[in-house]
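Student: I have a new structure to look at. Can you walk me through it?
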Amino acid sequence: MPQVKKIYKMIFLIVIMVILYGVDSCVAQSEAPEPNPPRWAKQTNVITVTERPQGWRIETAASVYQIAVARDGIVIPVYYGPRGQPLQVRKANVNVSSKVGSHIREVPFRGGFIAQTPAIEVIFPDGTRECDLVYSSSEIFETDGFPCLRIDLRDPAYGLVVSSYIRVIPELDILEKWIVLKNMEKEPILIENSQSGSIWLPVEEYDLFHLAGLWGREFMLHRTLLTPGVTTIQTRDFVAHENPPWFAVTPSRQSSETQGPVWFGSLHYSGNWRLDFEKSPSGNVQIIGGINFWDTTWELKPQEEFATPKMVCGFSPEGMSGASTRMHNYIGQHVLRKKFRDALRPVLYNSWYATKFNVNEQQQLELARIAKEIGVELFVIDDGWFKGRNDAHAGLGDWTVDKKKFPNGLQPMIKKINDLGLDFGIWVEPEMVNPDSDLYRAHPDWVLHYPKRTRHERRNQLVLNLARKDVCNYLLESLSKLLRENNISFIKWDRNRPLSDVGWPDAPRPMQYEVRIRFINNLYNLIDELQSRFPEVLFESCSGGGGRTDLGILSRMDQVWTSDNTDPADRVMIQYGYSHTFPAKLMVSWVTNADWHKVSPSLKLRFHVCMSGVLGVGTDLTKWSQEERKLATEMIALYKKIRPLVQEGILHRLHSPFESNRAAVEYVSQDGSEAVIFLYNLWETLPGSTPTARASGAVRLRGLDPDANYFLSNDRSGRASGETLMNMGLPWFVQGNFNSAIVMLKKQTQ
Ligand code: GLA
């Protein structure tokens, strides 16, 4: 009899197994967890609950992201890639018993067998350093108009709930991932690591593209083969010039600028971050990113939550170009502040290179008068206007006007600048202090420091400890006073050094390890509060150039000072790299007289380079001849015509300056009816250069209507069909080293 019972039981289990996982499944379902049925806040066809395997399927315009709950309750990644591929769910991956444990995980944690870079590493009050995160419940809901999936995981033995979020922007093929940890224990849990999200790519040979650089040479494009093991890009102590948080991973032999699959992404974070690319022995690649917990932990108190910043992941089936367009649209439509999202950025003049620290009213007004004459819309006074700031040795921290330079304050000068018809902007560097300042003399304990260690200076400055509330309150009030008392419509917010000596001796010990995370949280709160008090003010992010350009700061700052290097030849390369992820609408570029390579670039080339972003002028205008002012006036007028295309069009990179001595970029209106093309000739002496003495070759345009005719104007006139321009190309008619051209296209209407 017991034999018969056993047989019945087996038949029953096989039937259940077949229902759940198909015929080739070999492990009984009776051990499977019973997930709470997902609640639907709103039926969407973007996120669906699947039955075989149990899990979720997220469909965007071009991608599928699928995850499942394995038999041991672990949520596992199943597939992330192009749509339309037959989905082969390996039963062996789903049918893992808890004795073995699934080790490829959607939210990888330290515990059991480790086969991936972990997202969650915690220590429980009793000293246990591993966790076990199994499925507990889920919800599909809508946030800010887009579907979002929340999967709650719980530790069966401890009071830890980990919620993994995926918000989907289907038309851009973008997923936003973040994680929230909640402590349900009676004592604190120590978080040693909590990443924002992980993705798992199919087996393939991949190349990683990322941007890296240094001061004056930001955003250089790098490409490297991912080999078995971990490749990491990261920032420690906010040394941000080295790397903006962005990646693109492409199958090595399949993808190009315009073709093939690309997985790309970024982080909403301005503090220490990291992105790891772990290629497994089987050939899959895991990409995981978030806060860099180097020299950092977080004490999660009972009932408290810790939320990671968002990681953005996207998929493009149209090569790197498709990846860039998606990121540009994402930043333009979902990251930038709503108030300024659709506004064109003004043509600005910044007086830094003209006057340095030696500013006064008369000289600034003279510059403003000429700036207005040539067509500038916003006048910005840079460093040097505040108390005691005669050079880089003193003054940072004291955000009051220098009465020696401006005896009547700034407002009378601002009024005159406004009367000329210009808006007025100002430079600040709030996170820093010079030891030679009233602020530091009054509060030497307000900087990051260790009592027995040197307070290391860079550019004669120390870093204020923004983890402290009193420091933030001081900054909020002094900046509010500045904005209240003066008609300021633009702030250039600079940060000229990384952190060092990251101590906070007055804080309770656990908080001392949290200082970098608290710094960034408070910085964000400070900017947010200031912006809610002064909603009309436009903000520019600067960090010794483009040293702080990430999605976290871009959701607060409306544009970016791209680099202190304004040499046009270098700038073409910097801007080309930058364009891989950041849109031209944020890319501020000033015309100056910089000539780092002693090649005497023409004023026309200087303008042409800056006109492919947010045009600014940053030279001593009083030194320009009448002819130069005339050319500048014409160029600014031309820029105002093409500005909607440059700032709001679709970018196509046509020719890379990293490959030869030429570069070309094209911006096409959303409807394809207009375009502007920038052509640049650079060094003829570089290996692989095309001789520039005669015009030669052609550049194929993109994004046009093949059936339409286009009129060409500006540096080239004539008429050509979209098909000709895209297939045969526009002749490369620019001759000579360091020469350039702008061609405008307009569709012929019947
Ligand atoms: C940094 C910025 C410059 C300028 C100076 C002023 O270097 O990148 O544009 O504002 O500071 O000190």
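Student: What do the buried residues of α9 pack against?
Tutor: This is a predicted model. In it, the buried residues of α9 pack against β24 (423-428), β27 (490-493) and α11 (515-533).

Student: Which residues of α9 are buried?
Tutor: V471, C472, L475 and L476 are among them.

Student: How far apart are the end C-alpha atoms of α9?
Tutor: They are 24 Å apart. Helix α9 has 17 residues, 469-485, and at 1.5 Å a residue it should span 24 Å, so the two values agree.

Student: New topic. How many aromatic pairs are there?
Tutor: The structure holds 31 aromatic pairs. Take F247 and F277: their ring centres are 5.5 Å apart and their planes meet at 70°. Planes over 60 degrees apart count as edge-to-face, so this pair is edge-to-face.

Student: Where do F247 and F277 lie?
Tutor: F247 is in strand β15 (residues 246-251), and F277 is in strand β17 (residues 273-279). The pair therefore ties together parts that are 30 residues apart in sequence.

Student: Is F247 buried or exposed? And F277, buried or exposed?
Tutor: F247 is buried, with a relative accessible area of 0%. F277 has 1% relative accessibility, so it counts as buried.

Student: What about F386 and W427?
Tutor: They form a stacked aromatic pair. The distance is 6.1 Å centre to centre, with 10° between the planes. F386 sits in the loop between β23 (378-381) and α7 (411-419), while W427 is in strand β24.

Student: Which residues form one aromatic cluster with them?
Tutor: W385 and W399 do. The cluster is W385, F386, W399 and W427.

Student: Now charges. Which ring does the charged end of R236 sit over?
Tutor: The ring of W294, at 5.6 Å from its centre. In another case, R571 lies over the face of W561, 5.0 Å from the ring centre.

Student: Last one: how much space lies in the largest pocket?
Tutor: About 980 Å³. The largest pocket is lined by 37 residues, and the closest to its centre are V78, R90, N93, W200 and N284.

Student: Which elements give two or more residues to that lining?
Tutor: β5 (75-82), α2 (91-94) and β11 (189-201). β5 gives the most, with six residues.

Note on methods
Residues numbered from 1 in each chain as written. Predicted model: local features only at pLDDT ≥ 70, side-chain atom pairs only at ≥ 80, totals over all residues. Heavy atoms only, no water. Helix = DSSP H or I, 4+ residues; strand = E, 2+ residues; numbered from the N terminus. Expected span 1.5 Å × (residues − 1). Buried < 20%, exposed > 50% of the residue type's maximum accessible area, 1.4 Å probe, protein only. Contact = heavy atoms within 4.5 Å. Phe/Tyr/Trp six-rings, centres within 6.5 Å; stacked < 30°, edge-to-face > 60°. Lys NZ or Arg CZ within 6 Å of the ring centre and 35° of its normal. 1 Å grid on protein atoms, 1.4 Å probe; cavity = no way out; pocket = protein on both sides within 12 Å on 5 of 7 lines; lining within 4 Å. Points joined across faces, edges and corners; volume = space filled by probe spheres on them.
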